[in-house]
Amino acid sequence: STPCDPAPGATIRYTLQVDVSGTGTVENLEITDSIPANTRYTPSSITLDSTPLTDTPGDDQGSYSNNLVSVDLGNTSGPANFVITLDVTIN
């Protein structure tokens, strides 16, 4: 294994695994994640199940605003699985 040496300018990819269990429906499911301190969000890097999303609220399921990345999964019936990714750059 190679040691990790975080350096300014390096990109970090975050992966969020969302698992909805059971057979009911979760209404208005929205996943929100804040961008960590000492990093900056990489514009247009949000994906949902490998599909690129925009940063603009309202034009698709993804958005970036006020240092928060959000993905709107709407009404979701279980069981269901989603994978959200986003990139940040170390300051």
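**Strand 8 and its contacts**

Strand 1 (residues 11-20) and strand 8 run antiparallel and are joined by ten bridges. The model is a predicted one, in which local features need pLDDT of at least 70 and side-chain atom pairs count only at pLDDT 80 or more, whereas totals for chains, interfaces and linings use all residues. Residues are numbered from 1 along each chain as its sequence is written, and side-chain values use heavy atoms, with hydrogens and water left out. Strands are DSSP runs of E with at least two residues, and helices are runs of H or I with at least four residues, numbered from the N terminus. Two strands are taken to pair if DSSP finds at least two bridges between them.

Within the pairing of strand 1 and strand 8, D19 stands opposite N81 of strand 8. Strand 8 also pairs with strand 3 in the antiparallel sense, over three bridges, and T39 is placed opposite I90 of strand 8. Strand 4 likewise runs antiparallel to strand 8, with two bridges between them; the bridge partner of L48 in strand 8 is I84. Strand 8 spans residues 80-90 and is mostly covered, as nine of its eleven residues are buried. Here, buried denotes a relative accessible area under 20%, exposed over 50%, and partly exposed a value in between (1.4 Å probe, protein chains only).

The structure holds one salt bridge, defined as a side-chain nitrogen of Lys or Arg within 4 Å of a carboxyl oxygen of Asp or Glu. The salt bridge is formed by D87 and R13, whose closest N and O atoms are 2.7 Å apart. Because D87 lies in strand 8 and R13 in strand 1, the pair ties together parts that are 74 residues apart in sequence. In contrast to buried D87, R13 is exposed, with a relative accessible area of 55%. With neighbours within four places in sequence left aside, D87 is in contact (heavy atoms within 4.5 Å) with T11, I12, R13, R40, Y41, T42 and S45.

S45 is located in the loop between strand 3 (39-41) and strand 4 (47-48). Its relative accessibility is 9%, so S45 counts as buried. The side chain of S45 reaches the backbone nitrogen of D87 at 3.0 Å. A polar contact is a pair of N or O atoms within 3.5 Å; within protein, one atom must be able to donate a hydrogen and the other to accept it, and residues adjacent in sequence count only if both atoms are side-chain atoms. When residues up to four places away in sequence are not counted, S45 touches D55, T85, L86 and D87.

Y41, one of the residues in contact with D87, also takes part in an aromatic pair. The structure holds one such pair. Rings of Phe, Tyr and Trp (its six-membered ring) pair if their centres lie within 6.5 Å; planes under 30 degrees apart count as stacked, over 60 as edge-to-face and the rest as tilted. Y41 and Y64 are stacked, at 4.3 Å centre to centre and with 15° between the planes. Distant parts of the chain are linked by this pair, since Y41 belongs to strand 3 and Y64 to strand 6 (residues 62-65), 23 residues apart. Y41 is buried at a relative accessible area of 8%, whereas Y64 is partly exposed at 26%.
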